[in-house]
Amino acid sequence: MKHVGNCFCGAVTIEVTGAPEAMGYCHCSSCRSWSGGPVNAFSLWKPEAVRISEGAENVETFAKTPLSQRKYCKKCGGHLMTNHPPLGLIDVFTATIPTLAFAPGVHVNYAETVLPMRDGLPKLKDFPAEFGGSGEMMQE
């Protein structure tokens, strides 16, 4: 299955194919600041499943830390995705690919939440152990 999305102004088109490796919510302060919201809805993809099909010349990258390369449209500032080199995955913002049926499975960095969400999903203090976190669960 292929999903197509765009930046805010439509100058950049992004395609994802197949199924994401994971979907969920990130509550860390960096994601909150970058997204402009109290939580960021993510979908993680293998790099080969993500392609900029139009407007690559309009894509800029901002790397606050070596863990995240945030990509956005230089025309409108619309956020597209975040490459996470240590994880070998790309977070494509779920709002960018509107045909993706968002099915969150986890909350990460819940220790930093400003919006408690009582939805029955697992709440991780930081990241899963396999991604370098503690893997520690929190209560709702």
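Q: What does contact mean when we talk about Ala 63?
A: Contact means heavy atoms within 4.5 Å. In this predicted model, leaving aside neighbours within four places in sequence, Ala 63 is in contact with Ser 68 and Gln 69.

Q: Why is Ala 63 called partly exposed?
A: Its relative accessible area is 46%. Buried means under 20% and exposed means over 50%, with partly exposed in between. The value for Ala 63 falls in between, so this residue counts as partly exposed. Ala 63 is found in strand β6, residues 59-65.

Q: How far apart are Ala 63 and Arg 51 in sequence and in space?
A: Along the chain they are 12 residues apart, and in space they are 19 Å apart, C-alpha to C-alpha.

Q: Why does Thr 82 count as buried?
A: The relative accessibility of Thr 82 is 1%, and buried means under 20%. So Thr 82 passes the test for buried. You can find Thr 82 in strand β8.

Q: Which residues does Thr 82 touch, not counting those up to four places away in sequence?
A: Thr 82 touches Ser 68, Gln 69, Arg 70, Leu 89, Ile 90, Asp 91 and Phe 93.

Q: Which members of the largest nonpolar core touch the most other members?
A: They are Trp 45, Val 50, Met 81 and Val 92, in a core of 16 residues. The elements giving two or more residues to this core are β2 (13-17), β8 (79-84) and β9 (89-92). There is also a second, separate core of nine residues, including Cys 26, Leu 44, Leu 89 and Val 106.

Q: What is the volume of the largest pocket, and which residues are closest to its centre?
A: The volume is about 510 Å³. Of the 22 lining residues, Ser 68, His 84, Leu 87, Asn 109 and Phe 127 are the closest to the centre.

Key
Residues are numbered from 1 along each chain as its sequence is written. This is a predicted model: local features need pLDDT of at least 70, side-chain atom pairs count only at pLDDT 80 or more; totals for chains, interfaces and linings use all residues. Side-chain values use heavy atoms; hydrogens and water are left out. A nonpolar core is a set of buried Ala, Val, Leu, Ile, Met, Phe, Trp, Tyr and Cys residues joined through side-chain atoms within 4.5 Å. Buried means under 20% relative accessible area, exposed over 50%, partly exposed in between (1.4 Å probe, protein chains only). Helices (H or I, at least four residues) and strands (E, at least two) are DSSP runs, numbered from the N terminus. On a 1 Å grid over the protein atoms alone, a cavity is a set of points where a 1.4 Å probe fits but cannot get out, and a pocket is an open set with protein on both sides within 12 Å along at least five of seven lines; lining residues have an atom within 4 Å of a point. Grid points are joined across faces, edges and corners, and a volume is the space filled by probe spheres set on the points.
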